[in-house]
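Please read the following briefing alongside the sequence and the coordinates.

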Amino acid sequence: MREVAVVSTAHSAVAATTETPIETLIPVIDAALVAAGLERRQVDFWCHGSCDYLVGQPFSFVSAVDALGAWPPIVESHVEMDGAWALYEAWLKIQTGEADTAVIFGNGKSSVANMFRVMALQLDPYVEAPLGPDQIALAGLQARVALDAGVITERDMAEVAARSRRDAVGNPAALVSGEVSVDDLLAGDKVRDPLRHHDIPVMGDGVTAVVIAADDAARSLTARPAWIRAIDHRIDAQRIGGRDLIGVPSAVAAAARCGLGAGRIDVAEIHAPFTHEELLVTRALGLDAGATRINPSGGALVSNVLMAAGLARIARAAESILDGSADRVLGHATQGPCLQQNLVCVMEGACWVPCVVPSSVSARPTTRVAGQTCPSPVWCGRLPIGRLRMRA
Amino acid sequence: MSIAGLVREAADRALADAGMTMDDIDAVVIGKAPDMLEGVMMPELWLAEALAAAGKPVFRVHTAGSVGGSTAIVAAQHVMSGVHKRVLTVAFEKQSDGNAMWALSVPVPFGMPVHAGAGGYFAPHVRAYIRRSEAPGYIGAMVAVKDRTNACANPFAHLHEPDWTLEAAMESPMLWDPIRFVETCPSSDGAAALVIAAEDVADSLPGPKAWIRATAMRSEPTMFAGRNQVNPQAGQDCAADLWRKAGIADPRREVDVAEIYVPFSWFEPMWLENLGFAGRNEGWRLVEDGVTDLRGGSLPINPSGGVLSSNPIGASGMIRFGEAAMQVMGTAGEHQVDGARTAVGHAYGGGSQFFAMWVVGAEKP
Amino acid sequence: MSNEAEDVLRIRTPIGVEYAWSAGTRSSAYLNGLLEGKLLGKRCPSCSRVYFPPRNGNCPMCGVLLGDDDVEVGPNGTVTTFCVVNVPFLGQKITPPYVAATILLDGADIGMQHLLQEVDAADVRMGMRVEPVWAPRDNWGPTMENITHFRPSGEPDVDYSDYAGQL
């Protein structure tokens, strides 16, 4: 496998906007490219996640190609999924050897319609969709099951909300933030019993863009790439009454495939638009909330940009590697009603590959040793001692 | 039949053909055109259960009309990356569950509502091709008669209309002048599925297989000043990349058969030029000379009857890719091209701006 | 199950969603121009091409946002290509048959779609010069439909080589 890393990220502000999606998109793509020090022409592959139903127009993604300056023509693809899956496709593309660099973006404009209603159109068209539930009602069903099973409490849920809003202070992309007491939250009305306002995401308009690169390209673009150590996604059957809503088996399976049990996770950005979802995913991934910082960005609860929020979690997690504040992080994305489909991406600051020192220094491949700086002044010399890890 | 039934039927056939069951499959890659054609948002979420894919990775591609082709390519990349060994890919559309003409012509409030579905969009490009190439007006009808006749040898084709003659086709009413009724694809329900396996898995399977020699994709914007909409640069670049990766120097001689995405008959000569099978403004001559005929032609185009005889939009590209594979596997039945060793699958979408192509061969590359 | 009941082969499940689209910053200038009877495009700061309408607000070739200044185009233009629509369909706003033309307005670098009338479909030609016909001013709104249609202007046809690059 090739070593692939996130080398830069960018986000738009997420408040409701009267800009076109393209007017929002272009500055964010530009910012991600500038941060990576890449020109558009140097991008080997572009991959985009969005959804026609958010826009109410077929082929809505097509106009996004206009934002890429796709002339001369580019190698590009689109998923009708959260941008996190676009990142998965780009990662695969780089693994085939046909690309070294890729720009991934997810965008959504939640302000154009009642998105809680729109999202329920994902249900099967024969039995469940005609009943007309909205996304909040579906989430409420899942929360109720978990509450009644004693797996979570309403206080746990309120604590997620209070922590998310507190962490969101200073995050320009957050639509709600601030200190609030759990007791005050619990005194609020229930919107869809058992869900209160604070359990429900604040919807936003916006874009997240991520640049990834392979091997030496990644090393040349940033001092401390966020190396994608493992990435996997799984799906559960959709039928709300026919699956394990508490255990979230697809998240458990994805975590297992990523080897999540081994080693400490410093930061986990979990894509959980609803408070109970964060609790269920944390549990499914086997994260220790004492050892792992959960959603220090405030998460999707404080700014839920549909089709971008999952990619944003991976981006936020990667940022804590890029800025040197964490060594091993996790980004999680979900889509489908009630956590139906889950993606896990584990990233590390340490470079595992045997390092080939540039010929000007030495012709011999060198393996880095824990506790020493990388012998290459070109690639990793700036990395703090102790952050490097030796491959077994 | 339900959407779920349609998709499952195609998946089951592909699995049976490969001698596999869903238990053997590592990942599922699904493609379809806009969700509004059926009115189900991100239907792969719901269809995962019908495909027995719970617990597996399920991936959804949407690249407009080229999606069937791009989905096959993304599925192939699941294997080429070394991440998976056996991937099932499925593409579908069930046009009878919705109204495609409506879904493709949703009035946009910022322009004039003159759009009239895909035909209305592409007819001006066809007119420009005819003007540019000075092609005789009957070329579109010739392609239509060929494809409708070919479809009669394909049990999976939507239209089985054996009685078309050139004279009758020329009398067919103009829908979107210069495009006639017979020169237009039908609205179809359908699904297609492929199983794509790694080399070691494929070697262990007893049946014939189609080796993927190269894949390519290119995109360009829908509209821009001075855009060549008749012979789009993205298609030219995509084809050049494909031939280079496959090691094909002279596609006209080295390719035995091609399944190309021709929803309106005039696109056959247009794409022959775009793909490099013919020189500029010369594509129609291959049609007129019978080069693209199934029987007797040296480069049969769309022996299956093509999109012109069956158009389940999201699946149409994958059908092209699958038909190309069937030709080199020697399993195309009555529409088999004798001795086909190298075949091309082609799809395009959007405003002739998204291209997906692959070359498959009978021999391991 | 009773044999007397007919099989259900199809169900209708009407589900409605309402959307409120934004025109965007640059298209808003174009729409406001239409309120005053002006055809306002925008210029790409990178390649200088003029886009009318300014669609999503960017130059698709350069991938940059269009400039702020308005560029008035037209009112006359050239038919670069066209289609005669003979097919009726659900939601259609104009009764067929009608001519949908791609019109390159003078001063613009990209054609736009509009209706061509006051001419027999058989007489429409590539290269034909056309002029807009505006609806009564009292009926104007921020919409391209302020121009009910285009019609031949009587100017001589434009030579094919002069617009072949637009096809």
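Axes here are lines fitted to C-alpha atoms, for helices over the stretch in contact, and angles run from 0 to 180 degrees between N-to-C directions. Helices (H or I, at least four residues) and strands (E, at least two) are DSSP runs, numbered from the N terminus. The model is predicted, so that local features need pLDDT of at least 70 and side-chain atom pairs count only at pLDDT 80 or more, while totals for chains, interfaces and linings use all residues. Residues are numbered from 1 along each chain as its sequence is written, chains are lettered from A and ligands numbered from 1 in the order in which they are written, and side-chain values use heavy atoms, with hydrogens and water left out.

**Helix packing in chain A**

- Two packed helices are described by the angle between their axes and the distance between the axes.
- Helix α4 (residues 83-95) of chain A and helix α13 (residues 309-322) of chain A have axes that come within 5 Å and cross at roughly 65°.
- The contact (heavy atoms within 4.5 Å) is made by A:G83, A:A84 and A:L87 on the side of α4(A), and by A:G310, A:L311 and A:I314 on the side of α13(A).
- Sorted by class, the contact of α4(A) with α13(A) has 4 nonpolar, 2 polar and no charged residues, where Ala, Val, Leu, Ile, Met, Phe, Trp, Tyr, Cys and Pro count as nonpolar, Asp, Glu, Lys and Arg as charged, and the others, Gly among them, as polar.
- Helix α7 (residues 154-167) of chain A packs with helix α11 (residues 275-284) of chain A at an angle of about 100°, their axes being 8 Å apart.
- That angle makes α7(A) roughly perpendicular to α11(A), given that angles under 35 degrees count as roughly parallel, over 145 as roughly antiparallel, 65 to 115 as roughly perpendicular and the rest as oblique.
- From α7(A), the residues making this contact are A:D156, A:M157, A:V160, A:A161, A:R163 and A:S164, and from α11(A) they are A:T275, A:H276, A:E278 and A:L279.
- By class, the contact of α7(A) with α11(A) has 4 nonpolar, 3 polar and 3 charged residues.
- Helix α11(A) is mostly covered, with 8 of its 10 residues buried, where buried means under 20% relative accessible area, exposed over 50%, and partly exposed in between (1.4 Å probe, protein chains only).
- Among the buried residues of α11(A) are A:T275, A:H276 and A:E278, which also take part in the contact with α7(A).
- After α11(A) comes A:G286, whose phi is positive, near 70°.

**Overall form of chain B**

- Chain B has 13 helices and 10 strands.
- The radius of gyration of chain B, taken over C-alpha atoms, is 19 Å, close to the 21 Å that the globule rule gives for 365 residues, so chain B is as compact as a globular protein of that length; the rule is 2.2 Å times the number of residues to the power 0.38.
- The C-alpha trace of chain B spans about 55 × 50 × 40 Å along its principal axes, and 66% of its 365 residues are buried.
- Of the contacts in chain B with a separation of 6 or more, 77% are accounted for by residues 24 or more positions apart.

**Overall form of chain C**

- Chain C has 2 helices and 10 strands, and from the N terminus on its elements run α-β-β-β-β-β-β-β-β-β-β-α.
- The radius of gyration of chain C is 21 Å, well over the 15 Å that the globule rule gives for 167 residues, so chain C is more spread out than a compact globule.
- Along its principal axes the C-alpha trace of chain C spans about 75 × 40 × 35 Å, and buried residues make up 47% of its 167 residues.

**Local backbone features**

- A:W71 and A:P72 are joined by a cis peptide bond with omega of about -5°, and A:P72 sits in the loop between α3 (62-66) and β3 (76-79) of chain A.
- A:C338 is not a glycine, yet has a positive phi of about 55°; A:C338 is buried, with a relative accessible area of 5%.
- B:M42, likewise not a glycine, has a positive phi of about 45°, and B:M42 counts as buried at 0% relative accessibility.
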